[in-house]
Amino acid sequence: MANVVSVSRAAAGNIAAVKSRSTGDGGLVYSTEGGRMCPACRRPMTDCRCADAAPRPTGDGVARVRRETQRRGGKVVTVVRGLALDDAALAALGKQLRSACGAGGTVKGGVIEIQGDQIERVATALRDRGFTVKLGAG
């Protein structure tokens, strides 16, 4: 009976809520009023503030530029870590670096990825913008 699910109906509006007992905490999983519920804050997923409350790791201000090929099918990617910028500023800097290198790339989780072996171009562009740059192994 590990996966027992009980359904209850609220008197006001005839709203059904599903409660799962298999997780041990007995929290609300789904409600027809709000849809899917966040397991951490127990609010509807549209009103969840858990991702906003979690602090993004901040860098020390030193841009660490390195070349990586792991988990990319042998493709070379230049990675920039350690910048203490908010998400909007990091996205803008990523766009400027991609333009300076003439390559594609992305910004994920506080890390800028530029396609190809662009270490020297990225390091030069970052120094021109006033960042301290360390070239990493790789």
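Colleague: What percentage of the 138 residues of the protein chain count as buried?

Modeller: The model is a predicted one, in which local features need pLDDT of at least 70 and side-chain atom pairs count only at pLDDT 80 or more, while totals for chains, interfaces and linings use all residues. Residues are numbered from 1 along each chain as its sequence is written, and side-chain values use heavy atoms, with hydrogens and water left out. Buried means under 20% relative accessible area, exposed over 50% and partly exposed in between, with a 1.4 Å probe and protein chains only. On that basis, the buried share of the 138 residues is 27%.

Colleague: Which pattern does the protein chain follow along the sequence?

Modeller: Helices (H or I, at least four residues) and strands (E, at least two) are DSSP runs, numbered from the N terminus. The protein chain has 3 helices and 9 strands. Read in sequence, the pattern is β-β-β-β-α-β-β-α-β-β-α-β.

Colleague: What is the order of the strands in the open sheet of 5 strands?

Modeller: Two strands pair if DSSP finds at least two bridges between them. The pairing in this open sheet is mixed, and its order is S7-S8-S6-S5-S9. The edge strands, each pairing on one side only, are strand S7 (105-108) and strand S9 (132-135).

Colleague: In which sense do S6 and S8 pair, and how do S5 and S9 run?

Modeller: Strands of a sheet pair through backbone hydrogen bonds, either parallel or antiparallel. S5 and S9 are joined by 4 bridges, and Ala63 stands opposite Val133 in S9. S6 and S8 also have 4 bridges, with Ile114 in S8 as the bridge partner of Thr78. The sense for S6 and S8 is antiparallel, and S5 and S9 run parallel.

Colleague: Which residue in the turn of the hairpin formed by S7 and S8 has a positive phi?

Modeller: S7 and S8 pair in the antiparallel sense over 4 bridges, and Lys108 stands opposite Val111 in S8. The hairpin has 2 residues between its strands. The residue with a positive phi, about 55°, is Gly109.

Colleague: Is Thr78 buried or exposed?

Modeller: Thr78 lies in strand S6 (residues 77-81). Contact means heavy atoms within 4.5 Å; leaving aside neighbours within four places in sequence, Thr78 has contacts that include Val65, Ile112, Ile119 and Val122. Because its relative accessibility is 0%, Thr78 counts as buried.

Colleague: Which side chain is joined to that of Glu113 by a polar contact of 3.0 Å?

Modeller: Glu113 is found in strand S8, and Glu113 is buried because its relative accessible area is 18%. Since 4 of the 5 residues of S8 are buried, this strand is largely enclosed by the rest of the structure. The side chain in polar contact with Glu113 is that of Arg72.

Colleague: Why are the buried residues of H3 on the same side of the helix?

Modeller: In helix H3 (residues 119-128), the buried residues are Ile119, Val122, Ala123, Ala125 and Leu126. The face turned away from them carries the exposed residues Glu120 and Asp128. The buried residues of H3 pack against S5, S6, H2, S8 and S9. They lie on the same side of H3 because the arc they cover around the axis, taken from the directions from the helix axis to the C-beta atoms, is only 165°.

Colleague: What is the value of phi for Arg71, a residue other than glycine?

Modeller: Most residues other than glycine have a negative phi. Arg71 is found in the loop between strand S5 (62-68) and S6, and it is exposed, with a relative accessible area of 77%. Its phi is positive, near 60°.

Methods:
A polar contact is a pair of N or O atoms within 3.5 Å; within protein, one must be able to donate a hydrogen and the other to accept it, and residues adjacent in sequence count only if both atoms are side-chain atoms.
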